[in-house]
Each structure stands twice: as structure tokens, then as C-alpha cells.
Amino acid sequence: MKNPTAAMLVIGDEILSGRTRDANMHYLAGRLTRHGIDLQEVRIVADCHDDIIAAVNELRARNDHLFTCGGIGPTHDDITADAVAAAFGVSIDIREDALQLIAERCQEYGQELNDDRRRMARIPDDAELILNPVSSAPGFSIGNIHVMAGVPKIFSSMLDGLLTRIPGGVPLASATIEIAAPEGEIAAKLGELARRLPDLQVGSYPFRKHKRYGVNVVLRGYDVREVKRAENHLRQVFATKLASDGQG
């Protein structure tokens, strides 16, 4: 049986303008890999209602899961929840269980439960809350979409809790071999291995270190034994070029 698939939708003008560097994609990719869910695509859209709806509908149709981040805060440009509700054709309003979480946080920190904070309790009909251990304002899951905050610390805490209730598959095993040779000298051998083992992902990532060129060859696959056999094969083939001292 194949692993579940996923896409990620990053929402926010600040990402596209270069003002904010997205860290959530890296965290999501790593956690999904370990959980046995294959991340297939990552897309970034602006804070535009219609564009969010279009991206949500396209990505959720192609994947078992769609994870979104950004646009669920208290400000006027936080429109993700409304767009997702529109994509599903359901109503959205303040929900009491979400409001209670925010109210308890406000009481604990002596903050006013104003209209802006109440806005973060607006949840689409039939959605399930994603708890937020950091700042209390929840995300939500509806259908196969999981809507989370954009702040990396909050996103990661939401995701960790969410994955406890999402079935995964077989984690992707990997091995890395550092070869002290230019990519052009080893490409043919890597291509031969990739053709011989089509179920294995063979990636080559060149680098320049200590004035020498080298390549990190990364092997990925769902069969741990096959990954190990391929690693041993490459270590034999490139025995004289291995950067064993880390100075390649």
C-alpha cells in the first residue's frame, strides 16, 4: 500500500515579498517523512481570498492531506479561515470551545478579550480544532485540510499534536555518502544505479569545501535493506574518493 500524500499551502504577502523567511516547510517535510506521509508539493499564495480558495480546492483534490500555514490571526488580512470555509461551502462563526480557550489565556495573562482576539475563535462549521499549546488560539481540520498558524513555534506545536491523530505510512529511510569528486566524474555511475533500482531515489548535491569540489549522494527509499545495499555498493565503487576525513 502506498503512503498517504500531502501538499502544503503557505499563505501570506510577507513570504512573497521576502520580508519573512518561511521555516515551516522544512519542519513539515521532516515530520511527514518520519510519519510516513509523502509531501508532494509546496505552494505559496498571497493574502487574496479567491487565490486561496483556488489553491485549496486544487491541492486538496490531488492529495490525501493539505496542510496550510498563515492567515489565521486577529488582523484584517488574516483571511485563511474564511477562504477555507468558502472552499467547502460552509458557514463560519465564533465557536464556543475555541473562544473558551482564548478567554482562558486572556484571563491568565490579564489581557482583554476584545473583538480582535474573539476573531481568532471563528471556525468553519463541522471543523475539528487543532490545539495550540503556545498561545491558545486554535487551528482546525475540515475534510482533508489542516489549517495552522504561520508563526514557526506555534505551527510546529500544532503539527506535533495533529500528527498523533493522522495515520501515517512507512517512514522514508535515507543514507548520505560524501564523495570527494566533481559531480561530472560520478554522474554516470549514479545514473546506472538509479536505472537499476527504480524504487530508490538517488540524489546528488554538489558542494565546494576547503577549495575542493565534492558531492553528497543521498539515497532514499522505503526498504531499509535496499537503501543499505545501495549505500554499500556506492562506497565500494567510489572507495578511493570517499571524503572519510570530512575534508572533501
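User: Which residue forms a salt bridge with K241?

Analyst: A note before the answer: this is a predicted model. To call a salt bridge, look for a side-chain nitrogen of Lys or Arg within 4 Å of a carboxyl oxygen of Asp or Glu. Here E185 pairs with K241, with the closest N and O atoms 3.6 Å apart. E185 sits in helix α8 (residues 183-196) and K241 in the segment after α9 (224-237), so the pair ties together parts that are 56 residues apart in sequence. K241 is partly exposed, at 30% relative accessible area.

User: How many salt bridges does a search of the whole structure find?

Analyst: The search finds 13. One of them joins E58 and R43, whose closest N and O atoms are 3.2 Å apart. E58 belongs to helix α3 (residues 49-62) and R43 to strand β2 (residues 38-45), so this bridge ties together parts 15 residues apart in sequence. E58 is partly exposed, with a relative accessible area of 34%. R43 is partly exposed too, at 21%.

User: Which residues are linked with E58 and R43 in a network of salt bridges?

Analyst: E41 and R62 are. Together, E41, R43, E58 and R62 make up the network.

User: Where do E128 and R165 lie?

Analyst: Start with the contact. Their side chains meet in a salt bridge, 3.6 Å from N to O. E128 is in strand β6 (residues 128-130), and R165 is in the loop between α7 (152-162) and β9 (173-179), so the bridge ties together parts 37 residues apart in sequence. E128 is partly exposed at 44%. R165 is partly exposed at 36%.

User: Now the helix. Which residues of α5 are buried?

Analyst: First, the general idea. An α-helix has 3.6 residues a turn, so residues three or four places apart point the same way. In α5, the buried residues are A98, L99, I102 and C106. They cover an arc of only 95 degrees around the axis, which puts them on the same side of α5.

User: What covers the buried residues of α5, and which exposed residues are on the face turned away?

Analyst: The cover includes β4 (92-94), α6 (115-119), β5 (122-124) and β6. The face turned away from the buried side carries the exposed residues E96, Q107 and E108.

User: How many residues does α5 have, and what span does it reach?

Analyst: Helix α5 (residues 96-109) has 14 residues. From first C-alpha to last it reaches 20 Å, close to the 20 Å expected at 1.5 Å a residue. Just after α5, G110 takes a positive phi of about 65 degrees.

Note on methods
Residues numbered from 1 in each chain as written. Predicted model: local features only at pLDDT ≥ 70, side-chain atom pairs only at ≥ 80, totals over all residues. Heavy atoms only, no water. Helix = DSSP H or I, 4+ residues; strand = E, 2+ residues; numbered from the N terminus. Buried < 20%, exposed > 50% of the residue type's maximum accessible area, 1.4 Å probe, protein only. Expected span 1.5 Å × (residues − 1). Arc of directions from axis to C-beta. Contact = heavy atoms within 4.5 Å.
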